[in-house]
Amino acid sequence: MGAPPPALAATPAVTLEHVAKRFGDVTAVHDAHFTIARGEFFSLLGPSGCGKTTTLRLIAGFEMPSTGRVLLEDRDVSAVPPYRRRVNTVFQHYALFPHLSVYDNVAFGPRSQGVAEGEIRRRVSELLEVVRLADLGSRRPAQLSGGQQQRVALARALVNFPVALLLDEPLGALDLKLRQAMQLELKRIQREVGITFLYVTHDQEEALTMSDRVAVMAEGRIAQIDTPQAMYHAPASVFVADFLGRANLLPARVTSVSGAQVRVTLASGHAIELPAPTWKPVAGAQALVMVRPERVRVGRDQVPGALPATVVEVVFQGPVVHCGLRTADGTELVAHLGPAAAAAAVPGQQVFVDWDPDAPRLLPPAGNGGAA
């Protein structure tokens, strides 16, 4: 199950060309236009009702596009029924056959396609090794843990070598520790089998942990597509910044734009420079400066450019200390501090807040720039 030949690898596994889906007067998906590479772990991330599951169903064939085209390996499958598409879907409820063994559950697909028994044995044995269930092939699903059942469902979905495996919130039924462990297992399995995974989730930790790229959806539209690192540190909009973890958003006014740098004035009157964004700010425009809590520094000594603030609350959260702050103009900030830095954070204490020059990003005001 190694990597595909270079010529095949260059062909996208999945392509959506300006796809829209309408249900009566409601448009669930607006102009989805992107490709997913072969062997890529790609996640659709967003809140409930944003259109991510509808997008997955359009790729699976359970829904047909109102406009646009769905392609698998450059073949238009927009009107092809699900059973004739080379994709398989794993749902939150694994729907394993309770009367069949683990081996027979995995073997069900190739047997229904008339694959020779010797080839079935080879495929099933190989996949049970990949999902670390080689010693449990004779067990029934009821004799397995939730995580083991999920791995059986994965092996069953992969055994027919689909172009893409579609996963609709498959970890939702697991407890927190098992869910976190299975995130790493899913990524390991995906790397070993080399098949494209399209993963639907509302959990930003899952998407950031497993994905090569993430598409954030809002109200049926793609808000941004990028690598987890780029999207977290350089979100395109307030919605994306806020959805991918906690974000400090400081009101600002653009004072000048010069090449790759933008100068802004915060509500406190402090002026800062930061990298020019992909959108086009102009002098006098309102904007927001985003800084992630873990990039915020809190100290008792004033340094050039630091903002005076008051510590409002301090909450111990294990690996970090959550520190709530309020600047003199009333802007609220959050800092995530390590044990040493947290010593300066005492409720009511007057402190100074700053960050590294590469920490802030300039975003358009809320309601603008929400879709890419």
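Colleague: Is D74 buried, partly exposed or exposed?

Modeller: The model is a predicted one. D74 has a relative accessible area of 49%. Buried requires under 20% and exposed over 50%, so D74 is partly exposed.

Colleague: Where is D74 found, and what is its phi?

Modeller: D74 is found in the loop between β4 (67-72) and β5. Most residues other than glycine have a negative phi. D74 is not a glycine, yet its phi is positive, at about 70°.

Colleague: In which strand is H18 found, and what is its phi?

Modeller: H18 is found in strand β1 (residues 14-23). With 44% relative accessibility, H18 counts as partly exposed. Although H18 is not a glycine, it has a positive phi of about 45°.

Colleague: Is S78 buried or exposed?

Modeller: S78 is found in the loop between β5 (75-76) and β6 (87-90). Its relative accessibility is 12%. Since buried means under 20%, S78 counts as buried.

Colleague: Is α5 roughly parallel or roughly antiparallel to α6?

Modeller: Helix α5 (residues 146-158) and helix α6 (residues 176-193) have axes that come within 11 Å and cross at roughly 25°. Angles under 35 degrees count as roughly parallel, so α5 is roughly parallel to α6.

Colleague: How many nonpolar residues does the contact of α5 with α6 have?

Modeller: From α5, G146, G147, Q150, R151, L154 and L158 meet L178, M182, E185, L186, I189 and V193 in α6. By class, this contact of α5 with α6 includes 3 polar and 2 charged residues, and its nonpolar residues number 7.

Colleague: What is the handedness of the crossing of α3 and α4?

Modeller: Helix α3 (residues 102-112) packs with helix α4 (residues 117-130) at an angle of about 130°, their axes 10 Å apart. That angle makes α3 oblique to α4. The crossing of α3 and α4 is right-handed.

Colleague: How many charged residues does the contact of α3 with α4 have?

Modeller: In α3, V102, Y103, V106, A107, P110 and R111 meet E117, I120, R121, R123, V124 and L128 in α4. The contact of α3 with α4 has 8 nonpolar residues and no polar ones, and its charged residues number 4.

Technical notes: Residues numbered from 1 in each chain as written. Predicted model: local features only at pLDDT ≥ 70, side-chain atom pairs only at ≥ 80, totals over all residues. Heavy atoms only, no water. Axes fitted to C-alpha atoms, helices over the stretch in contact; angles between N-to-C directions. Helix = DSSP H or I, 4+ residues; strand = E, 2+ residues; numbered from the N terminus. Parallel < 35°, antiparallel > 145°, perpendicular 65-115°, else oblique. Left-handed = near helix turned anticlockwise from the far one by under 90°. Contact = heavy atoms within 4.5 Å. Nonpolar A, V, L, I, M, F, W, Y, C, P; charged D, E, K, R; others polar. Buried < 20%, exposed > 50% of the residue type's maximum accessible area, 1.4 Å probe, protein only.
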